[in-house]
Amino acid sequence: MLSFISVYLDDDMKTILKDKIISSGRWRCRCSWWWRWAVLIIGAVIGTKLAYGSGNAFTSKGEDVLVSCIAFGSCANQSAPQPIWNAIIKFDPQVFIWLGDNIYGDIRRPFKLLGKERTVGPWKNVPRFVPASQEELESRYNIIKKNPDYSRLRKTTKVIGTWDDHDYGLNDAGKEFPEKVRNQRLLLDFLDEPQDSPRRKQAGVYTSYTFGPVGKQIKIILLDTRYHRDPLNSDGSILGSTQWTWLKKELKGPASAITIIGSSIQVVSNLSATTGPLFYMESWGRFPKERDHLFNLIADSKRDGVFFISGDVHFGEITRYDCAVEYPLYDVTSSGLTQAVEKVVPPPLHFMVRFLAWLTPNTMRVMDRHCRHRSCTYGLPNFGTIEIDWNATPVALKIAVRDINGFPVTSVDMSLSELQAKTVNSDASIKVGEQRRHCSLEVNLPWIVRHRLVIFFYCCIAVLLLALVGLIIAVISLIRLGLCKYKLD
């Protein structure tokens, strides 16, 4: 009997249970039939609890559980209200994925144009962001971990994740950041990573998971886009040679029905090509050689069912690239759980943010009737979801970005067969001057289209300056008219 229930109980539980049974004098042949059944039922109940209701981790048996609901998110300021956890709990995911900026662990100085310490402008003399101490980082992680709603999620859901710059330790930082080893340990503590985990011994927090029974497996690959990243605009490496070797092995490993690649920064979209020089966002598109290498690696692996999830940019969208592999590569961006672009302006001005999002040129964004706003972006707090209907024929897949109430703001419904080879023409060669939706890169747009946001901005500035000059002239004219009238009187 003890050997039967050992598949459910850990060593401590087995020892306690055995001692209890032996002390009752009913062990071996002396035990009555009802005691045998009692032990069997107790073992089954405890085993079920451990396997399916243990909260933040599947057991070795639980990893074979069929997964059909996944949620993910990024950009959670620990000091801000976090009501979105209620919607995530209501969605009832089996797995939740942190995609970075899980806390804001650096210290942001205020905007200062003048004074001894100037943080912005051409005469800036001190950095806007500075690292926090270890004690401060631990305190900020504890704020999130002790959040009552997040604690409820952890009790019923497997929580995994990677990091981005603010929980890495410094805004926009890469491999040069000196505190990355210390901060890796703090992140893994936050994620309840076992002390003997390989992630605690390697340089970087990249890892992978496989869930579900054979034939219905989901592989989740989480990248580290910080620890080995070269400086921005260098077109150097994002992952570093060791992580690239690991990723190649993961992609060429055993097949899975679905492969989700989690990147803290956007993979498909490269909005910086159309928003610069006004402002820039981090993305794989700013490292074109690395992004090409990633797409080639996926193509060479012949792996079906691959798509990306990402965060970082403080808005949600779904993008798609058709000219990398032999099926569409989707990137579902969810950002953020608390931080969002529309929150920085008063509600009456939200329409301006949405208009600018619509005006900004893009070639990869999915634009359809499922979008709440015309731009098909969402600039308020949000989270991402993945739903798989394994019983459908063919298997159905829904990817979505959802609002604080859990309602979709943009989504794509597809069959899993659409993410298999030869669904689309992957010929990436485009004739000179030809523009193809979901294929032409933003950097290859005609100049006037690519920079229309910048042109609009400077036109607005020019109009405002002209209006100001006109107002000054009108005021001066009124003053002179008043003076002349006074003299005549």
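Visitor: What should I know about the numbering and the model?

Guide: The model is predicted, so local features need pLDDT of at least 70 and side-chain atom pairs count only at pLDDT 80 or more, while totals for chains, interfaces and linings use all residues. Residues are numbered from 1 along each chain as its sequence is written, and side-chain values use heavy atoms, with hydrogens and water left out.

Visitor: Why are β5 and β14 called edges of their sheet?

Guide: Two strands pair if DSSP finds at least two bridges between them; strands are DSSP runs of E with at least two residues, helices runs of H or I with at least four, numbered from the N terminus. The open sheet of 6 strands runs β5-β2-β1-β12-β13-β14, with mixed pairing. β5 (158-162) and β14 (408-415) each have a single partner strand, so one side of each lacks a neighbour in the sheet.

Visitor: What makes β13 and β14 a pair?

Guide: The cut-off is at least two bridges, and β13 (residues 396-402) joins β14 over 7 bridges in the antiparallel sense. Valine 401 is opposite threonine 410 of β14.

Visitor: How do you know that helix α4 lies across this sheet's strands β1, β2, β12 and β13?

Guide: Contact means heavy atoms within 4.5 Å. Helix α4 (residues 84-91) lies across β1 (69-73), β2 (95-99), β12 (383-389) and β13, at about 5 degrees to β12. Such angles run from 0 to 180 degrees between N-to-C directions, with axes as lines fitted to C-alpha atoms, for helices over the stretch in contact.

Visitor: Why is the pair of tryptophan 85 and phenylalanine 96 called edge-to-face?

Guide: Rings of Phe, Tyr and Trp (its six-membered ring) pair if their centres lie within 6.5 Å; planes under 30 degrees apart count as stacked, over 60 as edge-to-face and the rest as tilted. These two rings are 5.5 Å apart centre to centre, with 65 degrees between the planes, so the definition makes them an edge-to-face pair. Tryptophan 85 is in helix α4 and phenylalanine 96 in strand β2, 11 residues apart.

Visitor: What makes tryptophan 85 count as buried?

Guide: Buried means under 20% relative accessible area, exposed over 50%, partly exposed in between (1.4 Å probe, protein chains only). Tryptophan 85 has 1%, so it is buried. Phenylalanine 96, at 0%, is therefore buried as well.

Visitor: Phenylalanine 355 and phenylalanine 456 also form an aromatic pair; are these residues buried or partly exposed?

Guide: Phenylalanine 355 has a relative accessible area of 35%, so it is partly exposed. Phenylalanine 456, at 32%, is therefore partly exposed too. Their rings are 5.7 Å apart centre to centre, with 65 degrees between the planes, an edge-to-face pair. Phenylalanine 355 is in helix α12 (residues 350-359) and phenylalanine 456 in helix α14 (residues 452-488), 101 residues apart.

Visitor: Why is lysine 180 said to lie over tyrosine 227?

Guide: A charge sits over a ring if NZ of Lys or CZ of Arg is within 6 Å of the ring centre and within 35 degrees of the ring normal. Lysine 180 lies over the face of tyrosine 227, at 4.4 Å from the ring centre.

Visitor: What makes β8 and β9 partners?

Guide: β8 (residues 258-262) and β9 (residues 306-310) pair in the parallel sense over 4 bridges. Isoleucine 260 is opposite phenylalanine 307 in β9.
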